[in-house]
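Please consult the sequence and the model alongside the text.

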Amino acid sequence: MEERRQLTRVEELTYEVKIEQVMTTDVLTVTPETMMSEAKELLRNRRISGMPVVEKGRLAGVISIEDIITTLELGKDVAVREKIGHPVRTCFADEPLAQAIRRFDMYGYGRYPVVNRRGRLVGIITQGDIIHGLLRALEADYHEEETLKHEASYLLENVESERTRLFLSYRVRARDFVHAGDAARQIKRALVRLGAHPQAVRRMAIATFEAETNIIIHSNGGRIAVLIQPSAIRVRATDTGPGIPDVDLAMQPGFSTAPDWVREMGFGSGMGLANIRRCASTMHLASIPGRKTCLEYTVIPEKSIALREQLTRSQNDFTRNRRPIIANGKDRPAQIDEPG
Amino acid sequence: MISHVMAKAHAGDLWITIQTHPNIVDIAVLLDLAGIIITEDKQIDPATIEKAQSEQVPILTTAKTTFTTAGELFRQGLPGVDEG
């Protein structure tokens, strides 16, 4: 049943997609005076099986590897002109793919030169081009479908309650690079299962990985706690010191205090906090030098943007009660690019 | 550096790197990367391979340098992250 639906979609696509969208435009051509041996070398170097023959801008024929083999097997090298007797069958660039497919079915050649309506050669099409083109079109379809599906998805939507909260907590050990990323990965997986929007999942994954590695690299160990609500995902990454002497300086992109051996592993580029700020909807970093550091950030799923203001206020309340606070939370919605 | 990968890579991207420690697999999982290419035939930490197997992250290796590998793929028509 599913397969039949798919087939129908492919057939549909052969009418939607035009030949010019899938053809190869970088066409290698020869003239009728080109010698067969030379044509053979051209085909071999480009690893193609045939090419159009063009005389004074006009398409004179097509020469294929089969033509060349049969000629050269006879032991004499002749000009391409000798072997292009048959009428040239072409496709028009603005025709649907279905037209080209029909030609392949009817005449069985391996390739067709593609011309525009003024008769100029603009490309060449093979069955491989058609398959690639259709696959690309199907993929685009699939992405569209996925996007639609995700737009409908909503964090914890299947849970009915007046107040839904899920609390996750992870211990992070100092200098434990073997387990770096475990918390971020587990949180990511949980969010996917709970039906969070892919954008929100991605932002959380990046921010949490950075927070986690910060604890591993710089602190005496700590904990990452995540509070998941339908309206927002809130993270508190705390450690037990030694604290950050200058939070503003630490927030500057590229500033790093990581030792060389950490940098050699690829960490400690000084971009971690900048990455978190980019991905989080709100972010606050507070530290008591000699005692502890507390990083809080939230990722607000796209549908809950309206709640952000309220949240920023309550987070300010949280940080106001603790001293010293050097808060640097910028309210910036982050948009992480997804592949086109 | 890892944070740069975190900042730049998209889901489905291929990551070419000389790094071999197990954390590269975490990055690939977090960012939904298509896979990792490790260059210069660098000896891969067994823990990395084990993690890649359990997380289903493909790791490919090559004797070529990162520069040459990237150039080769680019020539085959694969664009970089800054190409859109």
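## The model

The model is predicted: local features need pLDDT of at least 70, side-chain atom pairs count only at pLDDT 80 or more, and totals for chains, interfaces and linings use all residues. Residues are numbered from 1 along each chain as its sequence is written, and chains are lettered from A and ligands numbered from 1 in the order in which they are written.

## Contact between chains A and B

Chain A contributes 22 residues to the contact and chain B 18 residues; two residues are in contact if their C-beta atoms, placed from the backbone, lie within 7 Å. On the side of chain B that touches chain A, the largest share, five residues, comes from α1(B).

## Nonpolar cores

A nonpolar core is a set of buried Ala, Val, Leu, Ile, Met, Phe, Trp, Tyr and Cys residues joined through C-beta atoms within 7 Å, where buried requires 20 or more other C-beta atoms within 10 Å of a residue's own. The largest core has 61 residues, of which M204(A), A207(A) and A28(B) touch the most other members. Helix α8 (residues 198-218) of chain A gives the most to this core, eleven residues. A second, separate core of twelve residues includes C91(A) and V114(A).

## Backbone features

G241(A) and P242(A) are joined by a cis peptide bond, with omega about 10°.

R175(A), not a glycine, has a positive phi of about 60°. Q56(B), also not a glycine, has a positive phi of about 60°.

Note on methods: Helices (H or I, at least four residues) and strands (E, at least two) are DSSP runs, numbered from the N terminus.
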